[in-house]
Amino acid sequence: MIIDYLNIAKQLSLQSNDVLLIAGDVTSLALHEAALGKKFNANAFIQSFKEQLSTGTLLFHAFTDTLTSGDTFDYQKSKPNTGALSVAAWKDPSFRRTSDPFHSFMVWGKESAAFKEKDDPSTFGGHSVFARLHQHKAKMLIIDLPLVKSFTFVHYCEEQLKVPYRTHIKHLITYIDEAAVVTIHERFFFTRKSGYSNYLDELEKRLIEHGIIQTFSFNDAGFMLVDLPQVYHFIASHLYPHGNLKLFTFSIKDWLKDEIRKMIKRRSTS
């Protein structure tokens, strides 16, 4: 369907009081506008969702998830690495940033204060923003990306369900807070073990078949609207080995590469 991109929010099955997380790649939307001699405006696109969610809550990833022990997270200055919409929300003073150094979110709307208060020593833990998204029946809109490239919520599911192919890794992060106070934060990241990678193609297919993901197409871009609590329930009900759903692959070649990287890192920090 070809429509004004500022009307996309109106075409989705969103209620005014929904909690909505948006992530994705807006390149196709921008190219569509460029072909018409126009410019895609990320701020205007975000505003269109604010208007649709007039009594709701809007979130964007503001991740800096490549941090590791010894690195610094600056609440004010650490730029999100999660795309143009995230950066636009980060620059928008109407949004508030949550506090986790690995997986912060930009939040606007009714529940922004409650989301900002969420914190957990484990980035995917039971008191994290991911947990609040699960508990408050949030939806996620994914723009022009597959689940495997966008669906960090799956790692929250994996941690809560204690999957064996990931393990907690402790990181000591230098944390500069809103008031420029510097402290050291001990944080845990539920990290994949050597040789493992997430594989979500089958999950995506089955969620669409069960109606847990609704799909749309606007202006040459694909959209998926995801019910996060239903995703959690589906994974919990079907996850291997009790069910037949696998969220991972394993490769000896990848295991060797991962182990070599770890060895090089240990030598460089010793």
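Visitor: Which residues touch the most other members of the largest nonpolar core?

Guide: In this predicted model, Leu133 and Phe151 touch the most other members of that core, which has 48 residues. Helix α9 (residues 228-238) gives the most to this core, contributing five residues. Apart from this core lies another of 32 residues, including Ile22, Ile46, Met106 and Phe223.

Visitor: What does phenylalanine 151 touch, not counting residues up to four places away in sequence?

Guide: Phenylalanine 151 touches Met140, Ile142, Leu200, Val226, Leu228 and Val231.

Visitor: Why is valine 182 called exposed?

Guide: The relative accessible area of valine 182 is 51%, and exposed means over 50%; valine 182 is therefore exposed. Valine 182 lies in strand β8 (residues 182-192). Leaving aside neighbours within four places in sequence, valine 182 is in contact with Thr174, Tyr175 and Ile176.

Visitor: How far apart are valine 182 and threonine 72 in space?

Guide: Their C-alpha atoms are 9.5 Å apart, while the two residues are 110 residues apart in sequence.

Visitor: How do you know that glutamate 159 has no salt bridge?

Guide: A salt bridge needs a side-chain nitrogen of Lys or Arg within 4 Å of a carboxyl oxygen. For glutamate 159, the nearest side chain of opposite charge is lysine 162, which is 8.2 Å away, so glutamate 159 has no salt bridge.

Visitor: Where is glutamate 159 found, and which residues are in contact with glutamate 159, leaving aside neighbours within four places in sequence?

Guide: Glutamate 159 is found in helix α7 (residues 153-160), and is in contact with Ser122, Phe124, Gly125, His168 and Phe190.

Technical notes. Residues are numbered from 1 along each chain as its sequence is written. This is a predicted model: local features need pLDDT of at least 70, side-chain atom pairs count only at pLDDT 80 or more; totals for chains, interfaces and linings use all residues. Side-chain values use heavy atoms; hydrogens and water are left out. Helices (H or I, at least four residues) and strands (E, at least two) are DSSP runs, numbered from the N terminus. Buried means under 20% relative accessible area, exposed over 50%, partly exposed in between (1.4 Å probe, protein chains only). Lys and Arg count as positive and Asp and Glu as negative; His and the chain ends are not counted. Contact means heavy atoms within 4.5 Å. A nonpolar core is a set of buried Ala, Val, Leu, Ile, Met, Phe, Trp, Tyr and Cys residues joined through side-chain atoms within 4.5 Å.
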